[in-house]
Amino acid sequence: MAQQDPVTSQDKITLDIGGMTCASCSLRIEKELSHLPGVGQAEVNLALEKANIVFDPRLITPQQFVEAVTGIGYQVRQETYRVAVDGLDEAPVKARFEEEAAKTEGVYKVIANAATGTATLTVLQGLGDIHRIVESLGQKGFAVSLLTDQAQDPKELERRSALRRLVFSAVLTVPLWMAMVKMFFHVGPVWITNPWLEFTLATVVQWGPGWSFTRRAYQNIRHGNANMDVLVALGTLSAWSFSTYNVFAHGPLFFDSSATVITLILVGKYLEAVAKGRTSLAIQEMLALRPTTSHVRQADGSYAATDVENIQVGEQIQIRPGDRIPVDGIIVEGRGLIDESLLTGEPDRQSLEPGSKVSAGTVHEGDRAFIMEAREVGQDTMLAQIVRTVEEAQAGKAPIQRFADRVSNVFVPTVVGFAVLTFVMTGGITGHWTPALLHAVAVLVVACPCALGLATPTAVMVGSGIGARHGILYRNGEALERVSQVTRLAMDKTGTLTEGRPRVVKVFPRDGSSEESVLTYAASVEAEANHPLSRAIMLGAKGYAVAAAEGVYSEEGRGVVGEAADGSGTITVGTEALLRDYGVAWPESWPDSAIGDMMGRGATVVYVGVQDRLLGAIAIADQLRDDAAQSVKRLQQAGYRVSMLTGDRLASAEAIARQVGIQDVHAELSPVDKARIISRWQKDGEKVAMVGDGVNDAPALAEAFVGIAVASGSDIAMHTADVTLVRPEIRASWQALLVGQRTMAKIRQNLFWALGYNIVGIPLAAFGVISPALAGGAMAFSSVLVVTNSLALRRMSVDDR
């Protein structure tokens with residue numbers, strides 16, 4: 001891919017591409033897009049039929065991408081809608097509408113008709129949403145109403161067209177098969193072998209259903225590219241042309257070969273399109289779970305059915321028994337019994353009270369309605385974030401795909417050269433040029449670059465979809481590949497092995513201090529912090545008067561420091577080492593046996609000092625996750641080395657480690673220390689996956705070979721880890737590794753088949769073992785087999801080995 005100057009102002013779009021048949025096509029489009037000015041990166045996914053482009057909007061527009069793609073013979077899929085616009089009969093309004101509509105994101109072409117008062121909007125599929133476009137135009141002062149709400153899916157139209165071509169081709173090819181049966185077995189009517197009938201039938205197939213191969217081959221050759229269409233066109237045209245010559249020369253006819261190849265390839269391509277459609281079922285199923293309408297409170301207090309697209313932040317929505325939640329929000333009246341299996345992959349139902357968060361796509365299974373308030377709508381919902389993450393993972397390329405790309409770059413020219421060599425050598429050695437031509441045609445037709453191009457992306461699509469259904473989000477195809485190579489897991493303690501909801505269990509005041517003073521001074525510096533321990537202290541101080549400290553700052557991995565609002569001096573809250581460094585006098589008898597006993601049971605102890613005086617200590621405990629011990633044992637049995645990296649005290653860390661069975665414990669670490677330990681392991685040859693809550697583990701997650709973030713609530717978008725676990729359970733990390741392993745196994749199987757098929761098939765065709773017709777059938781079904789093998793992943797269970 002061509003290197004571009006760094007792009008300073010980046011935007012990203014995804015175009016839906018039609019007309020690709022193999023990896024050569026996707027690579028050709030990538031090359032064309034990458035050479036455009038302002039393009040930072042362009043990746044084309046053959047299985048998804050999408051192009052992801054990062055570009056500088058100041059230097060290039062989406063319309064130029066469309067022109068570039070169509071200019072080399074492919075299509076950018078579009079949807080057409082009709083809208084009614086008030087005032088179009090006035091020339092200034094019409095001119096302004098066309099100008100503003102054309103500038104709206106996703107709109108490719110605008111045709112306004114003043115006579116009918118309507119406009120036709122051509123929207124780039126996947127880039128523009130018609131409802132948002134209409135809303136945007138309304139905000140610009142136009143009275144626009146949608147006349148055609150549903151545009152026909154271009155992919156579905158393509159599949160229907162492909163089926164029509166297939167049926168038409170098959171109907172005309174069957175008589176040619178009957179002619180072959182008559183010639184060899186003398187069964188059937190005499191007229192069926194009439195040369196002119198065979199010529200007519202084969203010609204209609206060649207230049208009717210088969211014209212698409214010839215047209216695309218010409219366009220590819222004209223732009224310096226060679227793909228599957230070139231092989232099919234060369235092979236079928238050779239057989240058809242030779243047979244046409246022999247109609248006049250009264251020689252042998254091979255019309256059945258050219259027509260059969262075209263028909264069988266059309267069969268394969270149609271089945272491939274159907275199978276490819278099934279690889280993206282995970283996203284389709286998730287999108288289908290969002291309701292189209294919901295009951296929104298009106299000004300008079302009643303509830304009316306409203307399109308989900310029109311729900312605004314702050315509006316109150318009535319959720320009745322059995323309803324799906326339309327947007328993210330909080331319960332304000334009543335109680336909900338929510339099935340969150342869509343997001344977590346688990347069938348457990350949650351009983352939620354007022355103030356609890358609810359997410360779009362989940363189901364209310366209670367027997368009474370409740371009222372919720374919308375907080376996140378449209379593309380900001382958790383469901384939309386999950387879908388977006390899965391789409392990005394499916395669209396990206398796994399590193400192993402680069403091998404297939406390198407092979408595809410030289411595949412077609414190599415096959416053409418081998419076919420020419422086969423023709424020359426076979427004819428030269430045997431002196432029979434008719435069989436030589438058939439051998440060459442078989443070589444051209446049997447070769448299949450399609451299977452090679454589909455081997456990786458189809459498996460990535462299915463694997464990432466399986467992960468999404470179980471609450472596991474892979475950032476991209478590379479993440480799926482990396483998790484399959486992991487040898488060691490490093491786990492944070494708080495929020496990962498434990499639930500991340502610690503509570504104050506005991507306060508130890510000293511020298512006349514009270515529990516209240518210890519908690520209020522600690523809370524005064526922890527008020528703005530977002531650490532689980534900070535939240536526990538704030539909860540423990542609830543009900544006391546807390547005056548926020550001034551000049552608060554964090555000592556990374558050790559605690560928090562600030563100036564007391566009452567002027568009593570510097571407040572230090574954290575480790576013993578932190579308080580000593582800030583001059584707090586430390587008594588020899590501390591910590592006492594009671595504190596030591598609490599630490600031995602896994603509690604975290606935080607010390608509190610003001611100026612040079614030690615006020616006391618706060619013991620904070622966190623509940624171990626129910627599945628932690630079983631999941632760690634399963635990981636160890638599978639051969640992974642499991643370690644704990646935590647900023648907590650050694651005694652607390654060892655207590656938790658004993659409960660879950662972890663032998664290798666590293667405690668009292670700063671975030672930087674965690675990253676350094678992971679770096680050292682990786683220098684020794686380990687492939688480390690860091691599992692953390694994404695709050696204080698950012699350096700370690702970034703340093704690790706694979707970063708696995710345990711999400712909490714709706715903060716999925718915050719995580720930039722390779723893998724995000726929507727369900728905060730340790731076994732989800734095991735499942736993430738398992739899905740990665742099995743996806744990579746499928747990719748290797750696909751590549752083995754795709755390469756092995758060509759390595760075996762091409763020589764067999766060259767030596768005449770495979771006829772052109774059989775070669776066409778083999779080529780057609782090789783890519784179907786790859787896609788079907790990837791789909792077999794959908795049957796996997798993530799709970800067994």
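A cavity, as I use the word here, is a set of grid points where a 1.4 Å probe fits but cannot get out. I note at the outset that the model I am reading is a predicted one.

**Entry: cavities**

I turned to the second largest cavity, which has about 40 Å³ of space in it. Which residues line the second largest cavity? I listed Lys493, Thr494, Leu533, Gly602, Thr604, Ile620, Ala621 and Asp622. When I set this lining against the elements of the chain, I saw that helix H17 (493-497) and strand S25 (613-621) each supply at least two of its residues.

**Entry: salt bridges**

I recalled that side chains of opposite charge can pair when their charged atoms come close. The structure holds 23 salt bridges, and I followed some of them.

I began with Arg28 and Glu32, whose closest N and O atoms are 3.1 Å apart. The two residues are separated by about one helical turn, because they stand four residues apart in helix H1 (residues 23-34). Arg28 counts as buried at 12% relative accessibility, whereas Glu32 counts as partly exposed at 25%.

I then looked up Lys103 and Glu100, whose side chains meet in a salt bridge at 3.6 Å, N to O. Both lie in helix H3 (residues 91-103), three residues apart, which is about one turn of the helix. Is Lys103 buried or exposed? At 56% relative accessibility Lys103 counts as exposed, because the cut-off for that word is over 50%. Glu100, with a relative accessible area of 15%, is buried.

My next pair was Lys674 and Asp492, with their closest N and O atoms 3.3 Å apart. This pair links distant parts of the chain, 182 residues apart, with Lys674 in helix H24 (residues 671-683) and Asp492 in the loop between strand S19 (488-491) and H17. I noted that both Lys674 and Asp492 are buried.

I also recorded a network of salt bridges that links Asp16, Glu49, Lys50 and Arg77.

**Entry: Thr122**

I found Thr122 in strand S7 (residues 118-124). With a relative accessible area of 7%, Thr122 is buried, because that value is under 20%. Leaving aside its neighbours within four places in sequence, I found Thr122 in contact with several residues, including Gln78, Gly106 and Tyr108.

**Entry: a nonpolar surface patch**

Lastly I looked at the surface, where a nonpolar patch with about 870 Å² of accessible area together includes Trp177, Met178 and Phe184. Met178 lies in helix H5 (residues 154-185), and Met178 is partly exposed, with a relative accessible area of 39%.

Methods: Residues are numbered from 1 along each chain as its sequence is written. This is a predicted model: local features need pLDDT of at least 70, side-chain atom pairs count only at pLDDT 80 or more; totals for chains, interfaces and linings use all residues. Side-chain values use heavy atoms; hydrogens and water are left out. Buried means under 20% relative accessible area, exposed over 50%, partly exposed in between (1.4 Å probe, protein chains only). Contact means heavy atoms within 4.5 Å. Patches are made of residues with over 30% relative accessible area and no salt bridge: like charges are joined within 9 Å, nonpolar side chains (Val, Leu, Ile, Met, Phe, Trp, Tyr) within 5 Å. Accessible areas come from the Shrake-Rupley method with a 1.4 Å probe; for residues, only the protein chains shown count as cover. A salt bridge is a side-chain nitrogen of Lys or Arg within 4 Å of a carboxyl oxygen of Asp or Glu. On a 1 Å grid over the protein atoms alone, a cavity is a set of points where a 1.4 Å probe fits but cannot get out, and a pocket is an open set with protein on both sides within 12 Å along at least five of seven lines; lining residues have an atom within 4 Å of a point. Grid points are joined across faces, edges and corners, and a volume is the space filled by probe spheres set on the points.
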